[in-house]
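Welcome! Have a look at the molecule first, then try each task before reading its solution.

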Number of protein chains: 4
Amino acid sequence: MDVDEPDSPLDRWEQRTELPLFYASLVFLAAYTVRVLAHDADVVWREIARATMLLMWLVFAGDFAARLRLSRQRFPRFLQARWLDAVVLLLPLLRPLRLVKLYTTLQRRRDQPVLSLYVRVIVYAGLSAVLLGWAGALAVYHQERTAPGATIRTFGDAVWWVCETLTTVGYGDVTPVTAWGRTVAAGLMVCGLALLGAVTGSFSSWLIQVFAREDERRPPGDARPPGA
Amino acid sequence: MDVDEPDSPLDRWEQRTELPLFYASLVFLAAYTVRVLAHDADVVWREIARATMLLMWLVFAGDFAARLRLSRQRFPRFLQARWLDAVVLLLPLLRPLRLVKLYTTLQRRRDQPVLSLYVRVIVYAGLSAVLLGWAGALAVYHQERTAPGATIRTFGDAVWWVCETLTTVGYGDVTPVTAWGRTVAAGLMVCGLALLGAVTGSFSSWLIQVFAREDERRPPGDARPPGA
Amino acid sequence: MDVDEPDSPLDRWEQRTELPLFYASLVFLAAYTVRVLAHDADVVWREIARATMLLMWLVFAGDFAARLRLSRQRFPRFLQARWLDAVVLLLPLLRPLRLVKLYTTLQRRRDQPVLSLYVRVIVYAGLSAVLLGWAGALAVYHQERTAPGATIRTFGDAVWWVCETLTTVGYGDVTPVTAWGRTVAAGLMVCGLALLGAVTGSFSSWLIQVFAREDERRPPGDARPPGA
Amino acid sequence: MDVDEPDSPLDRWEQRTELPLFYASLVFLAAYTVRVLAHDADVVWREIARATMLLMWLVFAGDFAARLRLSRQRFPRFLQARWLDAVVLLLPLLRPLRLVKLYTTLQRRRDQPVLSLYVRVIVYAGLSAVLLGWAGALAVYHQERTAPGATIRTFGDAVWWVCETLTTVGYGDVTPVTAWGRTVAAGLMVCGLALLGAVTGSFSSWLIQVFAREDERRPPGDARPPGA
């Protein structure tokens, strides 16, 4: 990771745009949700959702261009240093993965005490997994809904499928059958596995930390000095 | 986590009520077990179980109110600091998650040597997983038993389903089919994944520790000094 | 864990019997294998296998009694300190879990260089998982073979089922259907999950160690001093 | 692991042959891909692929013989120290596991800054898993394609099966049914579990590291000294 000078124009741009861009990505996700779930509703709603998605994507592209400009780096080098940003531009549904910067930005602004390290990793990875799972459920439902021989036929099925996939339980009662559905599923498995692995690992470390701390606290009536 | 003054009234209240509340939650779980499993028995048994559950829940609510009072904090701040207690009040079946405090309370009272750190985490997370699994098996069996097309038809099926879900094996020979059954299942997956991940991780750390300790112990006939 | 005086009679007993007992447990496992797999063969073979199993079990019981005697502890305290030994006496198929002592005993006797810590944990946990898996495949095959509606019908099916269970993949193409088969399966899942989690975790730590060591080794033509 | 003298002939041989051998293993994998996937094409293609595989294997065998010669060790000792090389010679599809040496060789040659430790482990284990998965998909597809009652009937099915197997999701919608297919699958499960466990574990450690580093960076306008 490139550590930029704290006061560079790029740094200031990123701090100012972080929160608006996050809201934009939530709007994008909401519009995608409407477009996928409103398949039986009036065509107007779907067109509004599609237009909103396009608009948000233009915002993302504009932000990418602005950051490329401000970094004063040439394109290939910029791409190498910020490949996650480029991926996120092409697949805006992956934007939740950038949450980590937003969180620290928010905490600084509000001057609140930051949560303990493991809890923050759990919250970040868990939240990313939830947003990714939601986007994955929508994308798979969109692909599978009308496929012949599909087992994912309602959005409820898709959400249930995401739950059993992300936790790697995988009953197999509902599974994607189309090529695109399976491609989305494979991506979801890999990302979700890593994110939930981070949740599990951090929870384990946090629990060990809590128990280790309990050892240090003496019971109220205990007269023995701490070093005894 | 709020570290209260060791001699505050809230602290004393919590130390005195910890054990009775744990027994109350066991009674609650037993009553729920009776209510779910006795579906073919006399209606009297089910009504007694239901009344016991209500009584225990009133005890939990009373304890929550007493602690809110003793903490002298305002409600929102109290809720923020003790959100797990509030969740546990709404869903008493999750009460096992508070076991950690009970364990240290018990150890202090009996003045017994505390187990090694990793073993304690394994015992705590394993026990929580067992109690959660039992509650989950009951809840899912209650939902699925009479559903059309259900594969979980006996309580044995439900227990087997919990085993393959918590270990993330997920054969899929028995799976919940109702919306509520799947909701309970999703909650169980996430909690169980984290708890069993803690068991696995701690077991791994404990095993490495055991092997590392073996290195330090010299064989009986070995004349080399320990520092050589 | 109780650390006994290095020269106590119990210690000497354990060091002398460790290897014979391991061979006895291998003989036990082999006899069980013959008894289960030879169901179509002459009844004589099965009776010989049964007698061998009984004989080995008497050896195990004798060793347990000898150790109880030599420890000069009372029964409940002995049981508390060595509960794994007692479990292993009741379920001799779990004996592989005691491999860890055997390994260090062997290494000391042969005066060989001991493998690195993580590799030893991988070897121990992996070997235990293989032996447990073999015993589990036999036990489940024994239960399921003749059950109505069984999907585990050949020993090959049982081995395949153990592979997909221990790795928590769980396709569900072959699953136990009897109550005893499922009980064995649940035990196998929990033990196997912990053992394979130890393998995975140690492999991960070992890989990180290997990469970290690569950093320290300088390339051949590199003139920079190691501390630069 | 044997650490050879940095300037030994064996060392120089290994540094010079590492890259050509990697290309040879890629050619081997490509030829195997052609041989398996071109089952409906002209027999000429398959024969060319078969000849290429044989040629590459002769190159691998020659390299193994050369290294045995240069090490001036006797065969059993050489085998003990380099058992992975011998396994890789017998099963050239496992060659990706030797990638780790290649990577560091490449980095040194190009004098590029090396990635952070966890990222390197993720990249190495992830890449190995991808190559192993590809080889496994080909091998299983080759075995299962014409088996009666097979569920893996297209190469797409085989790739999908590898995805759900390596991530241990295991829906069970497509599973191998032949004995050889299941043997390959079992090997893939164990290797893949360890490799993906390394990816997950390193990702978790990396994420915790990123969050810990964020703590140390002060916000731009923050006047407090770092030690306050």
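**Before you start.** This is a predicted model, in which local features need pLDDT of at least 70, side-chain atom pairs count only at pLDDT 80 or more, and totals for chains, interfaces and linings use all residues. Residues are numbered from 1 along each chain as its sequence is written, chains are lettered from A and ligands numbered from 1 in the order in which they are written, and side-chain values use heavy atoms, with hydrogens and water left out.

**Exercise 1. Describe the make-up of chain A.**

Step 1: Look up the elements. Helices (H or I, at least four residues) and strands (E, at least two) are DSSP runs, numbered from the N terminus. Chain A has 8 helices and 0 strands, and the order from the N terminus is α-α-α-α-α-α-α-α.

Step 2: Check burial. A residue is buried under 20% relative accessible area, exposed over 50%, and partly exposed in between (1.4 Å probe, protein chains only). Of the 228 residues in chain A, 46% are buried.

Step 3: Turn to contacts, meaning heavy atoms within 4.5 Å. Taking the contacts in chain A between residues at least 6 apart in sequence, 64% join residues at least 24 apart.

**Exercise 2. Characterise the interface of chain A and chain D.**

Step 1: Find the residues that take part. Chain A gives 34 residues to the contact and chain D gives 24.

Step 2: Give the area. The size of an interface is often given as the accessible area lost when the parts come together. Buried area is that loss for two parts (1.4 Å probe), summed over both. Chain A and chain D bury about 2600 Å² between them, with 69% of this from carbon and sulfur atoms.

Step 3: List the pairings. A salt bridge is a side-chain nitrogen of Lys or Arg within 4 Å of a carboxyl oxygen of Asp or Glu. There are 2 salt bridges between chain A and chain D. One of them joins A:Arg182 to D:Asp157, with the closest N and O atoms 3.1 Å apart.

Step 4: See which elements of chain A face chain D. Two or more residues each come from α5 (99-110), α6 (117-144), α7 (155-166) and α8 (179-216) of chain A. The largest share, 11 residues, belongs to α8(A).

Step 5: Sort the residues by type. Ala, Val, Leu, Ile, Met, Phe, Trp, Tyr, Cys and Pro count as nonpolar, Asp, Glu, Lys and Arg as charged, and the others, Gly among them, as polar. On the side of chain A that touches chain D there are 19 nonpolar, 10 polar and 5 charged residues.

**Exercise 3. Contrast two salt bridges, C:Asp157 with D:Arg182 and B:Arg50 with B:Glu47.**

Step 1: Take the C:Asp157 and D:Arg182 pair, at 3.1 Å from N to O. C:Asp157 lies in helix α7 of chain C and D:Arg182 in helix α8 (residues 179-216) of chain D, so the pair joins two chains. C:Asp157 is buried at 15% relative accessible area, and D:Arg182 is buried at 16%.

Step 2: Take the B:Arg50 and B:Glu47 pair, at 3.8 Å from N to O. These residues are 3 apart in helix α2 (residues 43-71) of chain B, about one helical turn. B:Arg50 is partly exposed at 45% relative accessible area, as is B:Glu47 at 42%.

**Exercise 4. What does B:Thr165 touch?**

Step 1: B:Thr165 sits in helix α7 of chain B and is buried, with a relative accessible area of 1%.

Step 2: Name the partners. Leaving aside neighbours within four places in sequence, B:Thr165 is in contact with A:Val169, A:Tyr171 and B:Met189.
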